[in-house]
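Student: Could we go through a protein structure together? I would like to see what can be read from its atoms.

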Amino acid sequence: MKVLRKIIEIDDELCDGCGQCVPSCAEGAIEMVDGKARMVAEKYCDGLGACLGECPNGALRIAEREAEDFDEAAVEAYLKEKEKGEATPGPTPAPVSGCPSSQIQTFIPPPGSGGTVSESGGGATSALSHWPVQINLIPPNAPFLKGANLVITADCVPVAYPNFHRDFLEGKVVMMGCPKFDEVASYIQKFTDIFRHADIRHITVPIMEVPCCSGLPMMIKKAMADAGKDIPLEEVTIGTRGEILRREGPAA
């Protein structure tokens with residue numbers, strides 16, 4: 001039944017597919033479909049606008065119009081299905097027009113990538129299997145996260161450690177960011193949403209020896225606690241001269 005009420009509307013032209021609005025909707029009313037934020041169903045949206053502040057482009061707004069009435073019981077059932085992995089998934093996010101940095105891509109690195117010399121003689125080949133790589137740009141429902149061995153790294157590590165692709169990245173999914181300059185709360189929420197739904201198998205956390213990097217493992221542990229998950233975690237500390245100083249926890 002349709003009633004006159006407030007509901008979220010998404011401007012397709014302003015949406016660049018960053019996915020930051022998805023975890024902010026506690027009712028699960030927003031999902032990424034074909035690289036854009038879409039309303040799953042009007043009955044799942046309470047119209048309160050908790051997602052508004054998460055969009056960097058102002059693509060979300062509250063409108064008052066005729067819409068299917070908010071159904072709290074339907075939301076509860078839908079969220080339970082999602083938790084079990086039984087909810088009907090939307091199409092896999094795909095590259096679309098908008099910010100190239102946030103367009104989802106998955107590709108298969110060549111065998112032995114990260115350790116072999118390329119045919120052009122330009123050095124070791126890349127072991128990267130997906131895009132984007134920045135923590136803030138990866139949506140929690142990115143297809144490459146499902147069942148992944150994660151490398152969540154401070155972004156200085158690949159610069160300091162010369163064999164990053166060979167020793168850390170091959171066969172894994174990487175997320176990188178700066179625990180000093182980025183927002184702690186958004187990191188914790190992003191990790192929590194990923195851990196709840198992506199069935200992560202193992203996490204490796206390479207950080208630098210500098211004090212500001214020590215916050216990254218703590219954020220990940222807090223997110224695991226919030227998600228109710230106990231995922232094997234290895235912490236690796238890299239010196240500013242590029243050497244491994246410490247390894248703690250089980251390796252992948």
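Tutor: The following conversation takes up rings, a cavity and some backbone features in turn. The model is predicted, so local features need pLDDT of at least 70 and side-chain atom pairs pLDDT 80 or more, while totals for chains, interfaces and linings use all residues. Residues are numbered from 1 along each chain as its sequence is written, and side-chain values use heavy atoms, with hydrogens and water left out.

Student: How many aromatic pairs does a search of the whole structure find?

Tutor: The search finds five aromatic pairs. Rings of Phe, Tyr and Trp (its six-membered ring) pair if their centres lie within 6.5 Å; planes under 30 degrees apart count as stacked, over 60 as edge-to-face and the rest as tilted. One of the pairs is Tyr161 with Phe168, which is edge-to-face, at 5.4 Å centre to centre and 65° between the planes.

Student: Are Tyr161 and Phe168 buried or exposed?

Tutor: Both Tyr161 and Phe168 are buried; buried means under 20% relative accessible area, exposed over 50%, and partly exposed in between (1.4 Å probe, protein chains only). For Phe168 the relative accessible area is 2%.

Student: And why is the pair of Phe164 and Phe168 called tilted?

Tutor: Their planes stand at 40°, with the ring centres 5.7 Å apart, so the pair is tilted. Phe164 and Phe168 are four residues apart in helix H3 (residues 164-169), which means about one helical turn separates them. Helices here are DSSP runs (H or I, at least four residues), strands are runs of E (at least two), and both are numbered from the N terminus. Phe164 is buried because its relative accessibility is 5%. Tyr161, Phe164 and Phe168 form one aromatic cluster.

Student: New topic: which residues divide the lining of the largest cavity into nonpolar, polar and charged, and how many of each?

Tutor: The lining has ten nonpolar residues, three polar and one charged. Ala, Val, Leu, Ile, Met, Phe, Trp, Tyr, Cys and Pro count as nonpolar, Asp, Glu, Lys and Arg as charged, and the others, Gly among them, as polar.

Student: Now the backbone. Where is the cis peptide bond?

Tutor: The cis bond joins Trp131 and Pro132, with omega about 5°. Pro132 lies in the loop between strand E6 (130-131) and strand E7 (149-154).

Student: What about phi of Asp199?

Tutor: Phi of Asp199 is near 55°, a positive value in a residue other than glycine. Most residues other than glycine have a negative phi. Asp199 sits in the loop between helix H4 (184-197) and strand E9 (202-208), and Asp199 is partly exposed, at 46% relative accessible area.
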